[in-house]
Amino acid sequence: MKLITHNMLTSKCLKGVMTGYPLAINATDIKVTEVDFNPEFITRVIPKLDWEVLWAAANSIGHGEGLPKTLEPKYEENEDLLKKLHRVLLEVEVEEGNLTCPESGRQFPISKGIPNMLLTEAEVQ
Amino acid sequence: MNDENKSLRKRKRFAARLKSSKGILCTETPGKYVVLCNAGQATGLEKDYIFKLIKEKELDIPLPKFIAEKGESHSFLVFPTSEDCKLFYDTFNDKAKADENGTPLYMTFVETVPNTEVICQHENPKGLHLLNNFITSEEEKIFLKLFDWNPETNNLKNRLVRHYGYEFRYGSNDVDLNNPLIEKIPNECEVLWKRLSELGFDVGVPDQLTVNKYQPGQGIPSHVDRHSPFEGTILSLSLGSDVVMDWKHHSGKYVPVLIPTRSLLIMQDEARYDWQHGIQPRTWDPVIDHRLENGRNIKVITSDTIQRQTRISLTFRWTRSGPCQCTYKTLCDSVEKASPDNLEDKLASNLEELHVHQVYEQIAGHFSTTRHKPWPKVVQFMQGVVPGSVVLDLGCGNGKNILRRNDIVQIAGERSSGLLAECKEHIRGISGADCVRLDLLNTTLRDETADVVICIAVIHHFSSPARRLQSITTINRLLRKGGRALITVWAKDQTKSNYLLKSKQDQLNETEPETQVTVAGVNLPVHENRTQFKHQDLLVPWKLRKVNENKLSSQPDNTLLRYYHVFEENELDDLCKEANFIIEDSFYEEGNWCVVCKKK
């Protein structure tokens, strides 16, 4: 699971859960795979993310170094920052671990890089 | 000397391969584990060969546990002690033959062996009673003599059958009560009812018997004995061979059960009415172990296998007439005939679990080999996505619609873990792509998160109008304002596609009644592949072929039925409008209705 995906996941479908966001990450295995750097792509994607959630998620798995807590304007000109974001969004992957719903404590296992977000009938609203 | 060097190099290469592929380290120090470097499942090695070696040399060691993973040309042995293991190594390394050509078997000690055991999470179905050693070996011989026969009679597609009392009619899965057979259940069986009654099972005397003869490699597809033609108890006596029977429940539970020879299986209650059972068509079965862990008795499906022998099963039933009175709705053929149009949500979900989710899990490998190419219209749509967009591919299957673009985010969501594993492999190296296991109806993604959603050949698997609408409403919820979706579904009208095969259509015998299967109280016709659809809600057979070393086996092993709701013209458009979408484009493409729509 890449952090860009984590930024969009929620457990709001669970019965009794109001927002279910963000999910806490507990990573037991993290993989870093290099992929081509595309600064324009990163620049375009940033406005679509919840920055605070990304910042906290990156820090929680030990990859938050160099990321500012709040995003400065003109970030698109800061190539160093874009490179760091490229790494944390696209190259860092949680291979094994789990995600936890902040309200209900329900855990979603991550195995072989894939988070299992399936819910049982009884769990959904 | 030269040979020794060669052998050393060979071992080093093997050790490096094993370390990188399995993380298993080879060692010079003798322990309990040894790997046979050039003999395994893929080279045709069987456990019996190893046992034969040990017996021929009259080695005084217990038989080891044998671990041969599918598709691998090496295998592992586990001995009780390192002394036993060393004696085996010293006796056979470079001395025994690995194959018929006389290549020497070479081996090395290893620190660990792969753990391929699976713990069975669920208990046996309620109402399933297995009475081991129900008959003696002497009695088994008598029964075998009585019921075994030569292959010329009554050949069913994949096994031999004969009937007593009434003929069991395959197709309608019942008996004709007006046409009893002259041959009744033989008197020799009376001992069975007496013994059952002594054990407290007061079931009376059955009036119908079907005898099946299974050769190793033959099986029976997963099924429930039809409810209304038979009473609440069904008995199965096994002769000649052990076998593993798989039990499946619509809640997703899956339980393999070892049925030993000379045992009597009693199916009542849930096991009789609410579970499906079947036997996989293979020549071997996994060894099932029972262990005590933390005071709990657990069932472990080991990687060890045992060869099947010819098995004869006697299935005793009690015939009846009138509608079934059971309380289990999902598999009953007598519940008020529901139409899929007003199917209760719970039943619709059960139907999909059995005839969509479980089927895709089983066919994932084979399915994927038949779905390489994305459809041109989907590619065209995906190529038009503007850079920086967030795209969701819901029901992505093996990920064939994910483009190799590094300027968009592509999140692939899928329910089947088998297909998703293929997808994960497929998207490797695509920078903005990732996989999530999810269900479209309860998608665990934030509202208004996507610029684009594609949902290709998915919504036709939802079995009620409410669920089909819910799936499209979910797509709407996930899109930002102005975001667009491409949705495609299978069309009922196949005349303008290359799906139809004229020869198949001509062969169709219009007078022959169609096969129907009752699921969740709905009678679903089984479709004849490559012919025109006659109904909107139906089951489409998938002839499963195994993938072995990247090759498809030439013969299907099993036929699985996938549920489809095939769409009429404008039906998809109407659903999209109901979900508050603006239709931008609507077209028919190769047997599919396709809609491009925009969120208001």
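I began with strands 24 and 25 of chain B. Strand 24 (residues 516–519) and strand 25 (residues 522–525) run antiparallel and are joined by 4 bridges. This is a predicted model, so I read every value below as computed. I then looked up the facing residues. Thr518(B) has Asn523(B) of strand 25 opposite it. I also checked the turn. The two strands make a hairpin, with 2 residues between them. Ala520(B) sits in that turn, and its phi is positive, about 50°.

Next I searched for another positive phi in chain B. I noted Glu58(B), a residue other than glycine with phi near 50°. I placed Glu58(B) in the loop that runs between helix 2 (47–56) and strand 3 (65–67) of chain B.

I moved to the sheet in chain A. Its 4 strands form an open sheet, ordered 1-2-3-4, with antiparallel pairing. Which strands stand at the edges? I found strand 1 (24–32) and strand 4 (114–115) there. Each has a single partner strand, so one side of each lacks a neighbour in the sheet. For background, I reminded myself that strands of a sheet pair through backbone hydrogen bonds, in a parallel or antiparallel way.

I followed strand 1 of chain A to its partner. It pairs with strand 2 (residues 92–100) of chain A over 8 bridges, in the antiparallel sense. I picked out one contact: Asn26(A) has Asn98(A) in strand 2 as its bridge partner.

The peptide bond from Tyr21(A) to Pro22(A) is cis, with omega about -10°.

Aromatic rings came next. How many aromatic pairs does the structure hold over all chains? I recorded 11. I examined Phe88(B) with Phe92(B). Their ring centres are 4.9 Å apart and their planes are at 55°, so I logged the pair as tilted. The cut-off matters here, because only planes over 60 degrees apart count as edge-to-face. Both residues belong to helix 3 (residues 82–92) of chain B. They are 4 residues apart, about one turn of the helix.

My last entry concerns charge on chain B. Which residues gather in a patch of positive charge on the surface? I listed Lys6(B), Arg9(B), Lys10(B), Arg13(B) and Arg17(B). I looked up the position of one of them. Arg9(B) is in helix 1 (residues 2–22) of chain B.

Definitions and conventions. Residues numbered from 1 in each chain as written. Chains lettered and ligands numbered in written order. Predicted model: local features only at pLDDT ≥ 70, side-chain atom pairs only at ≥ 80, totals over all residues. Heavy atoms only, no water. Patch = residues over 30% accessible without salt bridge, like charges linked within 9 Å, V, L, I, M, F, W, Y side chains within 5 Å. Areas by Shrake-Rupley, 256 points an atom, 1.4 Å probe, with all protein chains shown as cover. Salt bridge = Lys/Arg side-chain N within 4 Å of Asp/Glu carboxyl O. Lys, Arg positive; Asp, Glu negative; His and termini not counted. Charge placed at Lys NZ, Arg CZ, Asp CG, Glu CD. Pairing = 2+ DSSP bridges. Phe/Tyr/Trp six-rings, centres within 6.5 Å; stacked < 30°, edge-to-face > 60°.
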